[in-house]
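Thank you all for coming. I would like to take a few minutes to walk through one structure, going from its sheets to the helices around them and then to some details of the backbone.

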Amino acid sequence: EHNRILFLHGPPSVFWPELADAFQAQGTEVFKINFSPADSLFWRRSGAYAYRGSFGSWKTYLRAFLTRHHITHILYYADQLIYHRIAGQLAREMGLQAIAVENGYLRPDWITLERNGMGVYSHFPNDPSVIRAIAARATAPDLQVRYPYSFFAEAVAEVTFHLSNVFLRPLYPFFNSDKYYHPLIDYLSWGTRSWRQWRARPRTQTTLAQIQSGDWPFFLLALQLQSDYQIRRNSHYQHLSKMLEEVISSFARQASTEMRLVIKQHPHDNGMENWLAIITSIAQRHKVDDRVILIDGGNVEDILPKASGCVMVNSTVGLFSIRALCPTKVLGIAVFDIAGLTHQGSLDEFWTSPEPVDPVLARQLIWAMASTIQVKGSFYDPMGRKAAQAEIVHRLQNDLINAPGAFITPPPRLEKARNTGVPLGE
């Protein structure tokens, strides 16, 4: 039986229509549903179906569509977009394959390709023995950066994508973007961010110099974006201020008095949250404001080798940390939160007895991910797009997505998510 693929919302680039062309060239029938102006703008192919109904009617519409067109696979970018969560549920109910495509874990020039979902719903193993077995069968991944692209190209595409949904909204009046911030407020707030970054530059540069010269021991806390689905759907924190309270209070109770906590702001933070005020208030309340420092800048790969450990909710900084053999503590749900790679004890214990990273297992994790849920390539670089598209077609056509051994059922992180209060919406 031939594969029949339904494309939903894709990345803000020409990657999606090119991927559809690559499938069609192999004789696969492709379908597309657009549910926003940006979907139409970036698809650039004929024959797409426009869904202009309410979000409440989406499940009924999609079920009928999947049945009528005998769809075998659903492809979508960003598995926690609310339309895609419904599509994933329907795929499981109907015995179809839902496949999530996302920015790669092994950045910068990798793409994630996972069956059924990522994060909480990832089927990638968290058992070290299974990871070792997969790595033993894998070939060495190409970890050289082959497909560089500019942040400017990505930023222009992102802004075009989201502002088209604002200004062309009458074309899809019921579209629910489920964005944390309204796009106009999001982008206009970058002025505030730039001003704060300029004011923080002396403090940041001084701190980075002290880190490199080893003036004092420190732990690194990697801040994520408040708007990130990784926070909203793969952690129990509704706001990062709750995480900051938990981390700083634990640090104040348990860390030695000469230890510092360096908090690194996310480079794409829009400035809507005044992290300096929030962090200063918490640190003052716990009487550690002289030992807690916010920086807005610096390269995390230069900082990690000097750190005593690194804390994050579930940022991919965790993978950089593991690869740098820096002790790592994950507070949310992350695909790399695995015994032998991350600290499995409490946060309180981490400050004085962080569990070390097993360097062999760290290498095996990269090999296992690269051969099963990562694809070498890029959404933006032309050669990177072509390489990734060919590999995605190959894996789907040969049933190699989450290849045997890397598809553990039920999702192995689901129980932890339930136990820690992650909003699952099952």
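Before anything else, a word on the naming: helices and strands here are DSSP runs, numbered from the N terminus, with a helix having at least four residues and a strand at least two. With that naming, the place of D399 is in the loop between α16 and α17, and I will come back to that residue towards the end. Please also keep in mind that what you are looking at is a predicted model.

Let me begin with the sheet of 7 strands, which is open and has the order β3-β2-β1-β4-β5-β6-β12, with mixed pairing. At its edges are β3, residues 49-50, and β12, residues 374-376, each of which pairs on one side only. Strand β1, residues 4-7, runs parallel to β2, residues 29-34, and 4 bridges join the two; if you want a landmark for that pairing, I5 has V30 of β2 as its bridge partner. Further along the order, β4 and β5 also run parallel and are joined by 5 bridges, with H73 standing opposite Q97 in β5.

Helix α3 lies across β1, β2, β3 and β4, and its direction is at about 165 degrees to β2. Helix α4 packs on the sheet as well, touching β4 and β5, and its direction makes about 155 degrees with that of β4.

These two helices also meet each other. Helix α3, residues 58-68, packs against helix α4, residues 82-94, at an angle of about 45 degrees, with the axes 10 Å apart. That angle makes α3 oblique to α4, and the crossing is right-handed. On the α3 side the contact involves W58, K59, L62, R63, L66 and T67, and on the α4 side it involves Y83, I86, A87, Q89, L90, E93 and M94. Sorted by class, the residues of this contact are 8 nonpolar, 2 polar and 3 charged.

Let me turn to the other sheet, which is open, has 5 strands in the order β9-β8-β7-β10-β11, and shows parallel pairing. Which strands stand at its edges? They are β9, residues 292-295, and β11, residues 328-330, and each has a single partner strand, so one side of each is left without a neighbour in the sheet. From one strand to the next, the twist averages 20 degrees. Within this sheet, β7, residues 218-222, and β8, residues 260-264, run parallel and are joined by 5 bridges, and A222 has K264 in β8 as its bridge partner.

Here too there are helices lying on the strands. Helix α8, residues 190-213, lies across β7, β8 and β9, and runs at about 115 degrees to β9, whereas helix α11, residues 275-285, lies across β8 and β9 and runs at about 175 degrees to β9. Helix α11 has a helix partner as well, namely α10, residues 240-254, which packs with α11 at an angle of about 35 degrees, the axes being 10 Å apart. The crossing of α10 with α11 is right-handed. L240, S241, L244, E245 and I248 of α10 make this contact with W275, I278, I279, I282, A283 and R285 of α11, and by class those residues divide into 8 nonpolar, 1 polar and 2 charged.

Finally, some backbone details in the loops. The bond between R107 and P108 is a cis peptide bond, with omega about 15 degrees, and P108 is found in the loop between β5 and β6. A cis peptide bond also leads from T409 to P410, with omega near -5 degrees, and P410 lies in the loop between α16 and α17.

That loop brings me back to D399. Its phi is near 55 degrees, a positive value in a residue other than glycine, and at 48% relative accessibility D399 counts as partly exposed. H70, in the loop between α3 and β4, has a positive phi of about 55 degrees although it is not a glycine. Is H70 buried or exposed? At 53% relative accessibility, H70 counts as exposed, because the cut-off for that word is over 50%.

Methods
Residues are numbered from 1 along each chain as its sequence is written. This is a predicted model: local features need pLDDT of at least 70, side-chain atom pairs count only at pLDDT 80 or more; totals for chains, interfaces and linings use all residues. Side-chain values use heavy atoms; hydrogens and water are left out. Axes are lines fitted to C-alpha atoms, for helices over the stretch in contact, and angles run from 0 to 180 degrees between N-to-C directions. Angles under 35 degrees count as roughly parallel, over 145 as roughly antiparallel, 65 to 115 as roughly perpendicular and the rest as oblique. A crossing is left-handed if the near helix is turned anticlockwise from the far one by less than a right angle, and right-handed if clockwise. Contact means heavy atoms within 4.5 Å. Ala, Val, Leu, Ile, Met, Phe, Trp, Tyr, Cys and Pro count as nonpolar, Asp, Glu, Lys and Arg as charged, and the others, Gly among them, as polar. Two strands pair if DSSP finds at least two bridges between them. Buried means under 20% relative accessible area, exposed over 50%, partly exposed in between (1.4 Å probe, protein chains only).
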